Amino acid sequence: MSSATLKGADYIGGIAGYASSAVIGCYTNVVLLPSTDAEYIGGIAGYASNYNVATNEFTDITGNYYIGTLGGICGTDYAALFDNAAVSISSDALSSVGTLSPVLCEEFSREYWQGGKDVPSYPILRNFGQAEESSEFGDEDLFNKLFDKNAELFATISHNASEVTYTVTFMEWNKDNGDLYDDGLLQKDNFDIVSVVRVAKGENAQIPALIFAQLNGNGKYVYEGSEARYFVCFPTVENVNDNLTVYAEYREIVTSLSDSENRIFAESEFVKGTEIELVKIGEYYTVKFTLDGEEL
């Protein structure tokens with residue numbers, strides 16, 4: 001079981017960056033953040049040396065599942081034809097209560113894993129496949145009591161760690177990569193990753209700070225593009241029920257406004273499209289600002 005955010009260059013894997021021995025009956029829910037042009041990346045293993053080219057199969061790599069989009073071993077998914085060496089799976093398909101999810105293959109051993117206790121969760125480790133006593137304990141009854149106590153504690157920790165979660169990736173425009181728009185279309189390839197957060201199912205994602213935009217004197221983020229300046233913010237992300245990619249939102253800035261009759265003129269930083277209106281209330285006048293049909 002592996003659940004983490006992994007950064008690096010070559011040989012990045014959810015279980016092992018370079019697998020040279022057995023990887024059997026494992027699952028991962030990792031966020032992989034490889035550097036540009038990185039090689040050997042996978043949700044289970046970045047690279048596996050025990051791949052037999054002659055027989056087109058892995059040796060002792062079987063029954064493994066990963067949640068992600070970058071492939072299981074060296075960027076490739078290896079499913080039924082490869083003894084399920086590295087199979088892509090969704091969060092909902094992996095989670096279950098009590099018994100394991102029925103979609104899991106036989107190689108993902110039910111002897112060692114179980115489903116959630118009371119609510120759907122990822123598989124929880126119930127037994128160790130290999131264990132050996134490192135030293136003489138002396139009192140067998142006390143040893144068994146101590147083992148049972150720690151086994152229950154480990155099961156509780158596993159249960160908490162196995163909560164169904166999703167990843168939310170926040171992206172921000174970097175003008176060094178290119179323009180924000182091309183023919184009116186948002187150029188998502190010109191955005192960089194700002195943050196990746198893990199969110200429990202149904203919860204809200206915590207919004208990160210922007211890294212390219214800068215705070216102005218009014219506490220708003222502003223980014224200076226090659227052709228315009230923009231107010232920048234991330235939208236709220238609530239009730240997360242899937243892996244998401246969230247792009248920062250940009251509103252062009254103008255520095256002056258006037259009403260339709262040119263009776264009033266204002267200078268400051270406004271979102272392009274903001275309207276200004278002089279409204280008479282009794283003997284007095286007040287200035288009204290609206291944007292997208294809502295009063296500011």
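The largest nonpolar core of this predicted model has 36 residues, and those with the most contacts inside it are Tyr 65, Phe 108, Val 168, Phe 170, Val 232 and Tyr 250. A nonpolar core is here a set of buried Ala, Val, Leu, Ile, Met, Phe, Trp, Tyr and Cys residues joined through side-chain atoms within 4.5 Å, where buried means under 20% relative accessible area, exposed means over 50%, and partly exposed lies in between (1.4 Å probe, protein chains only). Strand 16 (165-173), strand 19 (191-200) and strand 22 (229-233) each supply at least two residues of this core, and strand 16 gives the most, with five residues; strands (E, at least two residues) are DSSP runs numbered from the N terminus. Apart from this core lies another one, of 15 residues, among them Ala 19, Cys 26, Tyr 78 and Ala 86.

Residues are numbered from 1 along each chain as its sequence is written. Because the model is predicted, local features need pLDDT of at least 70 and side-chain atom pairs count only at pLDDT 80 or more, while totals for chains, interfaces and linings use all residues, and side-chain values use heavy atoms, with hydrogens and water left out.

Val 168, not counting residues up to four places away in sequence, touches Ser 195, Val 196, Val 197, Val 199, Ala 205, Val 237, Val 240, Leu 244 and Val 246, contact meaning heavy atoms within 4.5 Å. With the same exclusion of sequence neighbours, up to four places away, Asn 50 touches Ala 19, Ser 20, Ser 21, Glu 57, Phe 58, Thr 59 and Ile 61. Asn 50 lies in the loop between strand 8 (45-48) and strand 9 (51-52), and it counts as buried because its relative accessibility is 13%. The side chain of Asn 50 also reaches the backbone oxygen of Ser 21 at 3.4 Å.

Five strands form an open sheet in the order 20-21-22-24-25, with antiparallel pairing, two strands being paired if DSSP finds at least two bridges between them. The edge strands, each pairing on one side only, are strand 20 (214-215) and strand 25 (265-271). Strand 20 and strand 21 (residues 221-224) pair in the antiparallel sense over two bridges, and Leu 215 stands opposite Tyr 221 in strand 21.

Most residues other than glycine have a negative phi. Tyr 11 counts as partly exposed because its relative accessibility is 37%, and Asp 60 counts as partly exposed at 47%.

Asp 292, in the loop between strand 27 (284-291) and strand 28 (294-295), is exposed, with a relative accessible area of 60%. The side chain of Asp 292 makes a polar contact with the side chain of Arg 251 at 3.3 Å.

A search of the whole structure finds zero disulfides, a disulfide being a pair of cysteine sulfur atoms within 2.5 Å. Cys 105 is buried, with a relative accessible area of 12%, and its sulfur is 12 Å from the closest cysteine sulfur, in Cys 26, which is too far for a bond.

Key:
Helix = DSSP H or I, 4+ residues; strand = E, 2+ residues; numbered from the N terminus. Polar contact = N/O pair within 3.5 Å; in protein donor to acceptor, adjacent residues only side chain to side chain.
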